Amino acid sequence: MKKSLLAFAALLAALSVFAQLDVLGRKINTLVDGVQSAGKKRIIWNGTDESAYKVNPGIYICILRMENKISNRKMLLMGN
């Protein structure tokens with residue numbers, strides 16, 4: 001099974017949510033949900049949804065919300 005490494009950095013400890021959505025805005029998975037300490041973080045996603053089913057190849061949106069800031073990136077999942 002292929003895996004993707006997702007990385008982010010936090011300047012301060014903060015309540016964080018790192019979620020993945022499909023292009024229609026439906027939540028696929030929540031990879032982080034809680035207080036994260038300051039520093040660099042790495043998350044490994046194994047290409048599955050919250051029910052542990054493999055998701056289809058395609059474009060996904062990764063959203064990182066930390067306190068009052070939101071950042072998003074597109075992600076291409078190739079053959080799983």
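W45 and Y60 are both buried, where buried means under 20% relative accessible area, exposed means over 50% and partly exposed lies in between, with a 1.4 Å probe and protein chains only. This is a predicted model, so local features need pLDDT of at least 70 and side-chain atom pairs count only at pLDDT 80 or more, while totals for chains, interfaces and linings use all residues. Residues are numbered from 1 along each chain as its sequence is written, and side-chain values use heavy atoms, with hydrogens and water left out.

## Aromatic pairs

A pair of aromatic rings is described by the distance of the centres and the angle of the planes. Rings of Phe, Tyr and Trp (its six-membered ring) pair if their centres lie within 6.5 Å; planes under 30 degrees apart count as stacked, over 60 as edge-to-face and the rest as tilted. How many aromatic pairs does this rule give? The count is two. In one of them, the ring centres of F8 and F18 are 5.8 Å apart and the planes are at 20°, so this pair is stacked. F8 lies in strand β1 (residues 4-10) and F18 in strand β2, so the pair ties together parts that are ten residues apart in sequence. Strands here are DSSP runs (E, at least two residues), numbered from the N terminus, and helices are such runs too (H or I, at least four). F8 counts as buried because its relative accessibility is 9%, and F18 counts as buried at 6%.

Now back to W45 and Y60. Their ring centres are 5.9 Å apart and their planes are at 65°, so the pair is edge-to-face. This pair links distant parts of the chain, with W45 in strand β4 (residues 39-45) and Y60 in strand β5, 15 residues apart.

Is strand β2 mostly covered or mostly open? Strand β2 (residues 14-22) is mostly covered, as eight of its nine residues are buried. Two strands pair if DSSP finds at least two bridges between them. β2 pairs with strand β3 (residues 27-36) in the antiparallel sense, over eight bridges. Look for F18 again here: its bridge partner in β3 is V32. The hairpin of β2 and β3 has four residues between the strands, and in this hairpin G25 takes a positive phi near 90°.

β2 is also joined to strand β5 (residues 58-66), by seven bridges, and these two strands run antiparallel. The bridge partner of L21 in β5 is I61. N72 is found in strand β6 and is partly exposed, with a relative accessible area of 45%.

## Salt bridges

A salt bridge is a side-chain nitrogen of Lys or Arg within 4 Å of a carboxyl oxygen of Asp or Glu. The structure holds two of them. D22 forms a salt bridge with R26, and the closest N and O atoms are 2.7 Å apart. D22 is buried, with a relative accessible area of 12%.

What does E50 form a salt bridge with? The partner is K27, with the closest N and O atoms 3.7 Å apart. E50 lies in the loop between β4 and β5 and K27 in strand β3, so the pair ties together parts that are 23 residues apart in sequence. E50 is partly exposed, with 47% relative accessibility, and K27 is partly exposed as well, at 49%.

Most residues other than glycine have a negative phi, and most peptide bonds are trans. A52 is not a glycine, yet its phi is positive, at about 70°. A52 sits in the loop between β4 and β5 and is exposed, with a relative accessible area of 59%.

E67 is a residue other than glycine with a positive phi, near 55°. Its place is in the loop between β5 and β6, and E67 is exposed, with a relative accessible area of 52%.
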